[in-house]
There are 2 protein chains.
Amino acid sequence: MEETKIILERSDDEQCPIEKSLTIISAKWSFLIIRELLIDGTLRFGDLLKGLEGISPKTLSLRLRELEENKIITRTVYPEIPPKVEYSLTEKGKQLEGILLELKRFGLTLE
Amino acid sequence: MEETKIILERSDDEQCPIEKSLTIISAKWSFLIIRELLIDGTLRFGDLLKGLEGISPKTLSLRLRELEENKIITRTVYPEIPPKVEYSLTEKGKQLEGILLELKRFGLTLE
DNA sequence: CGGAATCCAAAGCGATACTG
DNA sequence: CAGTATCGCTTTGGATTCCG
């Protein structure tokens with residue numbers, strides 16, 4: 001039962017793991033979307049559009065697609081009229097709560 | 001001896017703490033600069049310029065100033081000729097190692 | 001050596017209008 | 001309702017040159 005220790009080292013990957021994580025979290029509006037879903041569980045496109053004041057549907061749509069591609073959220077379509085689409089976090093997505101809390105803790109130490 | 005629990009909640013600050021942290025860490029090249037300093041301790045401008053392949057002096061200079069403003073690094077000038085300037089992490093800056101490790105751990109779970 | 005100044009291309013994103 | 005399409009501005013940062 002070996003666990004590989006995670007240490008900090010240089011990585012010449014085109015995409016090192018730290019960078020992958022940051023790319024996902026730090027795109028504009030991304031962590032806010034994730035936070036909404038952590039708090040509310042499941043939300044529709046319109047809910048997010050309304051909850052995140054200032055976001056455009058274009059950007060929201062783009063961010064949601066990226067998060068889905070990275071398995072952070074799931075997208076569920078209900079074949080009704082009018083359409084209904086729900087978004088929620090995957091298990092992997094929920095793991096981001098810890099990171100967001102760390103970022104919050106650190107951010108609070110900045111004047 | 002009360003400790004305020006850090007919980008995830010909506011924040012309508014122009015700059016919520018999570019966003020502050022992310023702004024610092026996720027600017028292009030920022031976490032790489034921090035990682036270099038975590039590994040090497042103290043580095044000169046030229047060392048960083050050489051170590052971070054692809055960065056331009058303009059961008060490096062900009063990032064260093066931002067990090068200094070946020071008390072993540074210190075800048076020490078030795079009044080010599082030719083000039084010598086050294087950068088290293090503050091105690092606050094060193095605290096970012098934990099966050100970078102979390103980001104790495106998470107990044108490794110992404111395919 | 002450690003930057004600052006300039007110029008420019010690319011990306012990012014908001015506003016808005018439109019569609020299945 | 002849940003997006004997509006288009007347009008144009010703003011920001012970012014790379015390349016390069018120059019300076020104390």
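A residue is called buried under 20% relative accessible area, exposed over 50%, and partly exposed in between, as judged with a 1.4 Å probe and protein chains only. The structure is a predicted model, in which local features need pLDDT of at least 70 and side-chain atom pairs count only at pLDDT 80 or more, while totals for chains, interfaces and linings use all residues. Residues are numbered from 1 along each chain as its sequence is written, chains are lettered from A and ligands numbered from 1 in the order in which they are written, and side-chain values use heavy atoms, with hydrogens and water left out.

Chain A contains 6 helices and 3 strands, where helices (H or I, at least four residues) and strands (E, at least two) are DSSP runs numbered from the N terminus. The order of these elements from the N terminus is α-α-β-α-α-β-β-α-α. The C-alpha trace of chain A spans about 50 × 40 × 30 Å along its principal axes, and 41% of its 111 residues count as buried. Among the contacts (heavy atoms within 4.5 Å) of chain A with a separation of 6 or more, 49% come from residues 24 or more positions apart.

Helix α2 of chain A is largely enclosed by the rest of the structure, because 8 of its 11 residues are buried. The buried residues are A:Ser30, A:Phe31, A:Leu32, A:Ile33, A:Ile34, A:Arg35, A:Glu36 and A:Leu37. Just after this helix, A:Gly41 adopts a positive phi of about 90°.

Over all chains, the structure holds 12 salt bridges, each defined as a side-chain nitrogen of Lys or Arg within 4 Å of a carboxyl oxygen of Asp or Glu. One of them links the side chains of A:Glu36 and B:Arg10, at 2.9 Å from N to O. This pair joins two chains, since A:Glu36 lies in helix α2 (residues 30-40) of chain A and B:Arg10 in the segment before α1 (17-26) of chain B. A:Glu36 is buried, with a relative accessible area of 7%, whereas B:Arg10 is partly exposed at 41% relative accessibility.

Within chain B, B:Glu102 and B:Arg105 form a salt bridge whose closest N and O atoms are 3.6 Å apart. Both residues lie in helix α6 (residues 96-108) of chain B, 3 residues apart, or about one turn of the helix. An α-helix has 3.6 residues a turn, so residues three or four places apart point the same way. B:Glu102 is partly exposed, with a relative accessible area of 29%, and B:Arg105 is likewise partly exposed at 42%. In chain A, the side chains of A:Arg105 and A:Glu102 also meet in a salt bridge (3.6 Å, N to O).

B:Arg35, in helix α2 (residues 30-40) of chain B, is buried yet has no salt bridge, the nearest side chain of opposite charge being B:Glu36 at 5.0 Å. Not counting residues up to four places away in sequence, B:Arg35 touches A:Leu8, A:Glu9, A:Arg10, A:Ser11 and A:Cys16. A negative surface patch is formed by A:Asp12, A:Asp13, A:Glu14 and B:Glu53; patches are made of residues with over 30% relative accessible area and no salt bridge, like charges being joined within 9 Å and nonpolar side chains (Val, Leu, Ile, Met, Phe, Trp, Tyr) within 5 Å.

Methods:
Areas by Shrake-Rupley, 256 points an atom, 1.4 Å probe, with all protein chains shown as cover. Lys, Arg positive; Asp, Glu negative; His and termini not counted. Charge placed at Lys NZ, Arg CZ, Asp CG, Glu CD.
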